[in-house]
Amino acid sequence: MISIIGSGRVGASIAFLCISNSLDDVLLVNRTKSKAIGEALDISNAISENSNVSIHGTDDFSKISDSDIVVIAASTGIYLKNRTEMMDAQVRMIKEIANQIKKYCPLAIILVVSNPLDVLTFVFQKETQLSRNKVIGIASSLDSSRFRYLLSEKFKIKQSQITNALVMGEHGDSMVPIFSRVKINEKNALEIINEIERKVISTEIQNYWKSLRLFKSRSQFGIAKNTFDVIRSIIKNDELVTSASIVLNGEYGEKDVSMGIPVKINKNGVKEIIEIKLNESESKLLKISAQTIRDYMKSF
Ligand SMILES: NC(=O)c1ccc[n+]([C@@H]2O[C@H](COP(=O)([O-])OP(=O)(O)OC[C@H]3O[C@@H](n4cnc5c(N)ncnc54)[C@H](OP(=O)(O)O)[C@@H]3O)[C@@H](O)[C@H]2O)c1
């Protein structure tokens with residue numbers, strides 16, 4: 001069973017993908033019970049006749065006890081200028097959720113989606129003391145999708161003509177697009193994108209959510225698909241190479257922080273942390289990003 005804590009836009013979209021693809025039973029857990037029940041009633045009608053899955057809604061955490069995977073997509077409010085705006089309330093919220101998960105399903109694999117993503121992933125892992133390969137923050141794969149999209153728009157080509165678009169570090173303003181690995185129509189991106197253009201594209205990825213909000217209140221489908229891909233990989237034990245926020249223990253020279261890095265996912269969660277070669281400027285920026293996340297955590 002997949003439990004999804006928070007049945008707002010993001011939680012409901014993840015549930016819809018899991019159910020319409022018959023992945024597994026889904027339980028929506030929401031602070032306001034009626035919202036979870038309403039979304040479950042709606043999504044129930046996306047179950048095809050030959051499917052065995054079901055979806056229910058509740059505000060009762062004790063019902064998550066059979067969960068193999070718990071997705072945390074809850075939020076105490078909506079940030080306006082920065083993902084770290086509601087840090088204190090979100091940290092309090094994730095600690096409460098962590099206690100419930102520890103009590104009812106301590107063996108589940110946890111996918112953190114709520115913001116500020118890297119801080120909450122770190123706090124959750126420390127609070128529960130679950131193995132770090134079972135606590136996965138999903139965001140840098142979304143940032144990587146945005147990187148790929150922006151490059152395809154710039155060069156007026158299809159996204160499939162861009163490979164290895166990877167964003168590492170914070171899901172926030174210090175995120176680091178790894179230009180040295182990107183191939184655009186088989187050509188190395190560094191050969192065709194100059195430094196000024198790289199800075200412009202980096203800022204566009206960082207501000208993607210703000211541009212999106214000029215047209216729509218909040219993002220939902222991109223993160224839902226990126227989260228679904230990880231859930232699917234775990235349930236089907238179908239290895240997936242992606243990027244995700246993981247608590248680091250010396251990898252990339254970092255400790256006491258969770259941030260986006262390339263990983264291999266399978267039925268056990270993170271099977272492997274992939275250490276790729278970065279150029280000097282990327283390594284420097286990644287260090288700054290790690291320190292930025294650690295600095296946020298000094299406030300509590
Ligand atoms: N990782 C990423 O790349 C990414 C991308 C997009 C969004 N996000 C983040 O995902 C989160 C959800 O976004 P959203 O747009 O879906 O927000 P939303 O529509 O406001 O939904 C949040 C839901 O969480 C519920 N909730 C709050 N506290 C709870 C608790 N303790 N237990 C259970 N449910 C609780 C709320 O319940 P009520 O009905 O009572 O208000 C609400 O239904 C946000 O933190 C957002 O920043 C992350």
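**Notes on the predicted model**

1. I72 is a buried residue, since 27 other C-beta atoms lie within 10 Å, and the threshold for burial is 20 or more. The structure is a predicted model, and the remarks below should be read accordingly. I72 belongs to strand β4, which covers residues 69-72.

2. Which residues does I72 contact, once its neighbours within four places in sequence are left aside? The contacts are I5, G6, I94, I97, I110, V112, V113 and S114. Of these, G6 is also listed among the closest residues to the ligand. By contrast, N279 is 207 residues from I72 in sequence, and the two C-alpha atoms are 34 Å apart in space.

3. The ligand is surrounded by 30 residues, of which G6, G8, V10, R31 and T32 are the closest. Sorted by class, this shell holds 13 nonpolar, 12 polar and five charged residues. Two helices, α1 (9-20) and α3 (87-104), each contribute at least two residues to the shell.

4. The chain as a whole contains 10 helices and 14 strands. The C-alpha trace spans about 55 × 45 × 35 Å along its principal axes.

5. Two further totals describe the packing of the chain. Of its 300 residues, 43% count as buried. Among contacts between residues at least 6 apart in sequence, 68% join residues at least 24 apart.

6. Does the length of helix α9 agree or disagree with its residue count? Helix α9 comprises the 16 residues 221-236, and at 1.5 Å a residue it should span 22 Å; the C-alpha atoms at its ends are 22 Å apart, so the two values agree. The buried residues of α9 are I223, A224, N226, T227, F228, V230, I231, S233 and I234. Just after the helix, N237 adopts a positive phi of about 50 degrees.

7. Strands β12 (residues 240-249) and β13 (residues 255-266) pair in the antiparallel sense over nine bridges. Within this pairing, S245 has G260 of β13 as its bridge partner. The two strands form a hairpin with five residues between them, and G250 in the turn has a positive phi of about 105 degrees.

8. Strand β13 also pairs with β14 (residues 269-273), in this case through four bridges and again antiparallel. The bridge partner of N266 in β14 is G269. A hairpin of two residues connects β13 to β14.

9. An open sheet of three strands is found in the order β7-β10-β11, with antiparallel pairing. Strands β7 (162-163) and β11 (187-188) stand at the edges; each has a single partner strand, so one side of each is left without a neighbour in the sheet.

10. Within that sheet, β7 and β10 (residues 183-184) run antiparallel and are joined by two bridges. Opposite I162 stands I184 of β10.

Definitions and conventions
Residues numbered from 1 in each chain as written. Predicted model: local features only at pLDDT ≥ 70, side-chain atom pairs only at ≥ 80, totals over all residues. Near = placed C-beta within 6 Å. Nonpolar A, V, L, I, M, F, W, Y, C, P; charged D, E, K, R; others polar. Expected span 1.5 Å × (residues − 1). Buried ≥ 20, exposed ≤ 12 C-beta atoms within 10 Å, placed from the backbone. Pairing = 2+ DSSP bridges. Contact = placed C-beta atoms within 7 Å.
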